[in-house]
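Welcome, and please take a moment to look over the sequence and the model below. The briefing after it is meant as a friendly first tour.

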Amino acid sequence: MKEKRFHLFFFFLSQDEAKFFETLCELIVPSGETTSDPGAREVGTVNYIDSTLADFPPEVQGYFIETIKLVDEISKRRFGKIFSDLPDFESKDAVLRELYAEPKTRERLFDLRSLVLEGFYSDYTDPWYDGTTPWKALGFEGKGISGLKKDWSFLRIWREWEKKK
Amino acid sequence: MARVGEEEIEEMPHDFDVIVVGSGAGGGPVAWCLAQAGKKVAIIEAGGFYTTNDFNRFELLQLRRLWEKIRWTSNFELGLQKEIALGMGRCVGGSTTIFTAVAHRAPDHNFLEWYKATKISNESGEPFSPKDLEPYYEQVERDTSVRRYTEWDEGLKKIDAGFKKIGHPFAPVNAFIDMRCDQSGCLFGCPTEAKRGTLVSYIIPAILQGAEIFYNSTVTRILFSKEGENDKKRPRAFGVEFVNGETMETKRLTSKVVIVAAGALKTPILLMKSGIKELAGETKSIDQIGRNFGANTATLVFGRFQEPLNNWILHPLSGQMEDFSQKERGGFLLEASEVMEGPLGFSEVLVDDDGVPMWGRRHKEILKKYKYYAGIFINIHDSNDGRVFLDPETGREKYYKPITKEDESRFEAARSLCREGLIAAGAQETLNTIYLSHHVQGSCRMGEDRSRSVVDSQCKSHDIEGLYVCDGSVIPSIVDANPSLTIMALSRRLGDHLLKNVLLD
């Protein structure tokens with residue numbers, strides 16, 4: 001599927017960290033072959049992750065940055081490259097499986113995975129995204145809430161978007 | 001508001017008769033009971049104050065507002081492989097704002113187990129029995145409109161049909177739900193007030209009776225003083241210190257009685273952080289704080305059916321199958337049906353055949369069939385062999401709750417039965433999930449045996465005057481039912497005890 005860039009800056013993530021999460025997004029919820037089957041990369045899950053991390057307390061931000069470094073260390077030790085430079089699904093998958101297999105880092109795997117799943121499978125929609133939403137792709141209709149205006153102002157990306165409008 | 005130094009406290013009037021830390025199943029009923037009797041009550045809650053109009057179905061917002069971040073056990077430090085995700089509410093009403101509202105009394109055999117565990121007794125010194133809690137169960141069931149919930153969803157009807165074929169039909173649960181239920185879900189707060197958790201049944205009525213609530217406020221320590229003669233000094237709780245999460249202002253409130261009802265994960269941590277050990281010394285009962293932690297550990301089995309069930313539109317867990325709930329008969333209770341009220345929760349709990357959390361293409365393909373799934377919750381009768389503690393090196397909160405070989409056999413027997421029942425019901429594929437718990441219990445147990453409990457049979461600390469604990473942590477051993485009704489009944493009982501014996505003026 002054709003990649004679409006949503007916006008040019010991040011509130012919290014560096015370009016390298018954003019690239020890490022984009023790679024993670026593609027691994028956790030891969031892109032489909034058509035626009036009606038988006039993956040986490042297309043719908044802007046990395047923007048959700050950036051906004052979420054931006055408003056986390058510093059110690060939690062530090063925990064995630066440390067986790068990125070840890071994943072890159074596993075990746076370099078096993079494949080000689082950082083995670084976002086790995087060429088195929090198998091090698092990236094192997095790195096995450098090692099993160100899970102080591103009991104001390106298991107919780108970090110759940111936390112990374114949760115960020116992507118939250119950005120993709122929740123009711124969240126990125127302000128830059130106007131394609132098929134994940135809920136629509138799943139045929140999930142929610143609970144009769146379509147008449148209500150959603151409020152995502154707890155995420156910095158939506159606060160900025162509202163200001164721009 | 002009076003600001004007092006610890007040394008002055010004996011001479012100062014108290015701000016409140018009672019401070020209740022926590023507004024969930026343990027805190028709500030006692031707060032209301034005392035407030036309606038005219039006592040001056042303060043309720044302090046770490047989470048926010050959200051009410052019916054706030055409970056829309058936007059799960060991301062509600063997860064942030066109403067739920068604590070999931071805590072994971074650190075069983076790997078014991079050389080064990082399996083971890084448990086521990087979930088709880090963080091809002092006014094506590095976990096009863098986001099629970100699935102199953103309201104069952106503890107079965108009679110649990111009371112015998114409680115007595116064996118801690119020698120818990122009634123006012124006459126006899127072993128605590130079902131009849132001692134019965135009047136309080138009845139009061140809570142009236143207060144919270146408990147009824148048989150018979151409006152089953154399609155998923156449960158199918159599951160029940162399958163289980164009937166294998167000789168184990170489901171029965172309707174009792175639920176804290178009145179007739180207004182529109183089946184729009186439970187996990188993100190009830191938008192109709194049909195769910196009668198403590199928020200609507202006790203906290204708001206308590207406020208209307210004059211209780212004061214401090215929300216977004218985290219209690220950082222209980223305040224203690226010494227009292228009595230030099231050689232008979234016994235520590236006394238006289239208030240709490242808390243931080244308002246919005247203003248970051250630290251406040252102190254004083255009271256005659258402090259009731260800690262922060263739940264089985266947070267209550268022992270608060271007692272430890274308050275320096276209770278340093279103050280009261282290393283007594284047997286102080287050493288029990290955080291020990292005997294039980295989780296009533298759960299997992300799920302989902303079945304994929306041929307036709308869409310749209311099972312998110314329902315009150316989850318409307319039926320249960322208790323043929324194997326007693327320890328001797330298998331030690332697991334089944335409840336259905338459950339699909340986590342949305343694709344996010346469903347996506348998070350799935351594991352592959354090796355028990356590894358799922359991601360990638362197969363995971364995504366399963367999610368595309370979300371509307372075809374119905375699931376069964378398995379709760380096992382596990383042991384009170386866990387521990388809640390502060391890591392001596394890092395000061396971080398930690399939780400051990402081993403999944404023993406016996407527990408694994410229970411899970412395997414339950415999973416196997418679920419698969420059999422789901423296939424008999426027409427399911428084409430079954431899926432397993434992570435281990436999780438929303439029924440934590442037993443980290444500050446009640447009883448008369450000080451070497452095995454933290455508080456006495458009236459929930460009063462063995463070591464500190466004026467300090468009471470009332471939440472899931474006081475339950476002496478795992479209840480073979482969802483524990484919230486039992487916690488509420490114990491809370492009502494504590495209110496009665498305080499009015500009759502402690503707050504007499």
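This is a predicted model: local features need pLDDT of at least 70, side-chain atom pairs count only at pLDDT 80 or more; totals for chains, interfaces and linings use all residues.

Residues are numbered from 1 along each chain as its sequence is written, while chains are lettered from A and ligands numbered from 1 in the order in which they are written.

**Two domains in chain B**

- Chain B is assigned domain 1 (12–49 + 91–99 + 104–143 + 197–292 + 442–505) and domain 2 (70–90 + 150–172 + 295–439); such bounds come from an automatic or database domain assignment.
- Between domain 1 and domain 2 of chain B, the C-alpha centres are 30 Å apart.
- At their meeting place, 25 residues of domain 1 of chain B are in contact with 20 residues of domain 2 of chain B (contact: C-beta atoms, placed from the backbone, within 7 Å).
- On the domain 1 side, helix 3 (95–98), helix 8 (266–273) and strand 11 of chain B each supply at least two residues (helices, H or I, have at least four residues and strands, E, at least two; both are DSSP runs numbered from the N terminus).
- That side of domain 1 of chain B has 9 nonpolar, 14 polar and 2 charged residues (nonpolar: Ala, Val, Leu, Ile, Met, Phe, Trp, Tyr, Cys and Pro; charged: Asp, Glu, Lys and Arg; polar: the others, Gly among them).

**Strands of chain B**

- An open sheet of 3 strands in chain B has the order 11-17-18, with antiparallel pairing (strands pair if DSSP finds at least two bridges between them).
- Its edges are strand 11 (291–293) and strand 18 (397–400) of chain B, each pairing on one side only.
- Strand 11 of chain B joins strand 17 (residues 386–390) of chain B through 2 bridges, and B:F293 stands opposite B:G386 there.
- Elsewhere, strand 12 (residues 298–304) of chain B is largely enclosed by the rest of the structure, because 6 of its 7 residues are buried (buried: 20 or more other C-beta atoms within 10 Å of the residue's own, with C-beta atoms placed from the backbone).
- Strand 12 of chain B runs antiparallel to strand 16 (residues 373–380) of chain B, with 7 bridges between them; B:A298 faces B:N379 in that pairing.
- Strand 12 of chain B also pairs with strand 19 (residues 429–433) of chain B, in the antiparallel sense over 4 bridges, and B:F302 has B:L431 as its bridge partner.

**Where the chains meet**

- The contact between the chains takes 27 residues from chain B and 30 residues from chain A.
- On the chain B side, helix 2 (59–66), helix 11 (343–349) and helix 12 (360–368) give two or more residues, and helix 12 of chain B gives the most, with 5 residues.
- By class, the chain B side has 13 nonpolar, 5 polar and 9 charged residues.
- Helix 12 of chain B is also among the elements that cover the buried residues of helix 1 of chain A; those buried residues include A:F20, A:L24 and A:I28.

**A buried proline**

- B:P476 sits in the loop between strand 21 (467–469) and helix 14 (484–502) of chain B.
- B:P476 counts as buried because it has 28 C-beta neighbours inside 10 Å.
- Beyond its neighbours within four places in sequence, the contacts of B:P476 include B:W114, B:I120 and B:M446.

Conventions
Two residues are in contact if their C-beta atoms, placed from the backbone, lie within 7 Å. A residue is buried if 20 or more other C-beta atoms lie within 10 Å of its own, exposed if 12 or fewer, and partly exposed in between; C-beta atoms are placed from the backbone.
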